[in-house]
Amino acid sequence: MAQAVTERAFATELWIGGAWTEAQDGRRFATLNPATGQVLAEVSEAREAEVDLAVKAAREAFESGKWPRRAAADRGRVLYRIAEAIERHADELAEIESLDTGKPIQDTRRIDVPLAAATFRYYAGFADKVHGETIPARGPFLTMTLREPMGVVAAITPWNYPLLLATYKVAPALAFGNTVVLKPAEQTPLSALKLAEICAEAGLDAGAFNVVPGHGDSAGAALARHPGIDMVCFTGSTEVGTKIMQAAAEHNTRVQLELGGKSPHVIFEDADLKAAVRAAAFGIFANVGQVCTAGSRLFVHEAVREAVLEGLVQAVGKFRQGDPLDAGTRLGPLVSAEHRERVHRYVERGKEEGARLVTGGAFGAPEQGFYYLPTIFDDVNNRMCIAQEEIFGPVLSVIPFRDEDELLRQANDTVYGLAAGLWTRDIQRALRTAKALQAGTVWINTFGMYDPTTPYGGYKRSGFGRELGAAAIEEFTQTKTVWIGL
Ligand code: NAD
């Protein structure tokens, strides 16, 4: 299976106005295979000039192209075809994603690609179900609202779920008649370029969707501050989210931010321990912890602490770490050598702070890949750096608690508020805790579930605005009020 992709040429140019385009002076940057450290492809590098071309193409497609003027049902039909084309190219997309991110092929086949198709299909059905209202204003008038697209949407995405997180933005934006310029993360640009190819194959109008791979501080910054965009939607770190807001402020551009997290995952003493431990392990070690909603702070009731720790160590022992293209691999490498160094620095810091290293805490094999062992710390205090800062790697902090008040105080003692999970058989406690946790998503007796139908986003410094579900209507449309004198 690996042969099929490595022998084929990846799409590596910029996709602008419905055509592959070289960057000025043929400028390129390398994207690596994190499992080997080798160059996977050299990709055309957009900077300010190329971003400008892409925004102009999207602007023209919005102002005078077919896409926003198509009947909504027609846009829906094209989105259905894109969903089908994603499924037709599923194997290839999964391999591209695994090669570029280092994510196990079983994950890209089961999660990334099917959910990307499902997201397009969900918004295909939504395209003609978004409309305004008539409103009983005072006086001899008929008043109504129209729901109109925002215009040109800039989308900037991270490297942990490159295809999927792009579709969270691109599918609803297109469904509601916007045009889009997408800047994928420089570490993982290949699946976004493949998506452009797939959209064209499915009949999407030229200029409606443009892709400009490049670095954050050049291409990303140029896109966020470009006067020709009407909104910027961003998924990435809280730190860069601040920069995006500052750049967008120059032209008072609308911003939507999906940022970092340090999600509490709680195991009460009456939980179904087997299921809770399985979820706790999956909640931090899936995608080797490079998940914004990772349950990185595991709050465990003292009464079950020993049993939970034992279960976690056993679960970790069974994870197979290795070649992402091997169907049996459960854990791949981290995305880059720099990121692995960063994760390791946090582990060293945890030891210095007095947390007890239970397992892991070192580079994994093979040496040339960016592997890191699944790592568990016990005796963590919630004020420690490893419990407060987003590590974005396979590092779990186990924090013991005795009563609910103490738990809630600590669980909410973080600048983040993306997600939370809890395990208990007591329905009142479950709902009381779910209400009290400051997070955009709370999972009860399950963890890490996503669906295109359910709104997703953060409280506090984890961002604002909501992706997915009907919530995307608010994000990707604007309301016009029309008064008619009678
Ligand atoms: P990052 O913030 O470093 O980069 C994200 C994107 O922003 C990349 O495309 C990058 O090139 C671009 N960028 C960087 N600097 C920029 C600038 N000055 N102006 C404009 N664009 C710029 O994030 P990452 O390292 O790629 O991803 C990891 C982070 O993403 C974590 O913090 C994680 O929690 C977060 N994340 C959040 C969600 C969510 O839904 N809330 C989902 C996935 C990842």
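Author: Helices (H or I, at least four residues) and strands (E, at least two) are DSSP runs, numbered from the N terminus. This is a predicted model, where local features need pLDDT of at least 70, side-chain atom pairs count only at pLDDT 80 or more, and totals for chains, interfaces and linings use all residues. Residues are numbered from 1 along each chain as its sequence is written, and side-chain values use heavy atoms, with hydrogens and water left out.

Reader: Take the backbone, then. Which peptide bond is joined to proline 366, cis or trans?

Author: Most peptide bonds are trans. The bond between alanine 365 and proline 366 is cis, with omega about -5°.

Reader: Where is proline 366 found?

Author: Look in the loop that runs between β14 (356-359) and β15 (375-378). Proline 366 is there.

Reader: What is phi in asparagine 287, positive or negative?

Author: Most residues other than glycine have a negative phi. Asparagine 287 has a positive one, about 55°, although it is not a glycine. Its place is the loop between α10 (273-285) and β13 (297-301).

Reader: And valine 288: what is its phi?

Author: Phi of valine 288 is also positive, near 40°, and valine 288 is not a glycine either. Valine 288 lies in the loop between α10 and β13.

Reader: Is asparagine 287 buried or exposed?

Author: Compare its relative accessible area with the cut-offs: buried is under 20%, exposed is over 50%, and partly exposed is in between (1.4 Å probe, protein chains only). Asparagine 287 has 6%, so it is buried. Valine 288 has 3%, so it counts as buried too.

Reader: Now the ligand. How many residues surround it?

Author: A residue is near a molecule if one of its heavy atoms lies within 4 Å of it. Here 28 residues surround the ligand. The closest are Thr157, Glu186, Ser237, Leu259 and Glu390.

Reader: How far is a polar side-chain atom of glutamate 186 from an oxygen atom of the ligand?

Author: A polar contact is a pair of N or O atoms within 3.5 Å; within protein, one must be able to donate a hydrogen and the other to accept it, and residues adjacent in sequence count only if both atoms are side-chain atoms. For glutamate 186, the separation is 2.6 Å. Serine 237 puts a polar side-chain atom 2.7 Å from an oxygen atom of the ligand. For lysine 183, the corresponding distance to a ligand oxygen is 2.9 Å.

Reader: Which elements give two or more residues to the shell around the ligand?

Author: They are α8 (216-224), β10 (231-235) and α9 (238-249).

Reader: What lies 3.1 Å from a polar side-chain atom of asparagine 160?

Author: The backbone oxygen of glutamine 290 does. Asparagine 160 sits in the loop between β7 (152-156) and α6. Asparagine 160 counts as buried because its relative accessibility is 4%.

Reader: Where is leucine 165?

Author: Leucine 165 belongs to helix α6 (residues 162-175). At 8% relative accessible area, leucine 165 is buried. Now set sequence against space. Leucine 165 and proline 184 are 19 residues apart in sequence. Their C-alpha atoms are 9.6 Å apart.

Reader: How far apart are glutamine 478 and proline 114, in sequence and in space?

Author: In sequence, 364 residues separate them. In space, C-alpha to C-alpha, it is 30 Å. Glutamine 478 is found in strand β22 (residues 477-485). Glutamine 478 has 35% relative accessibility, so it counts as partly exposed.
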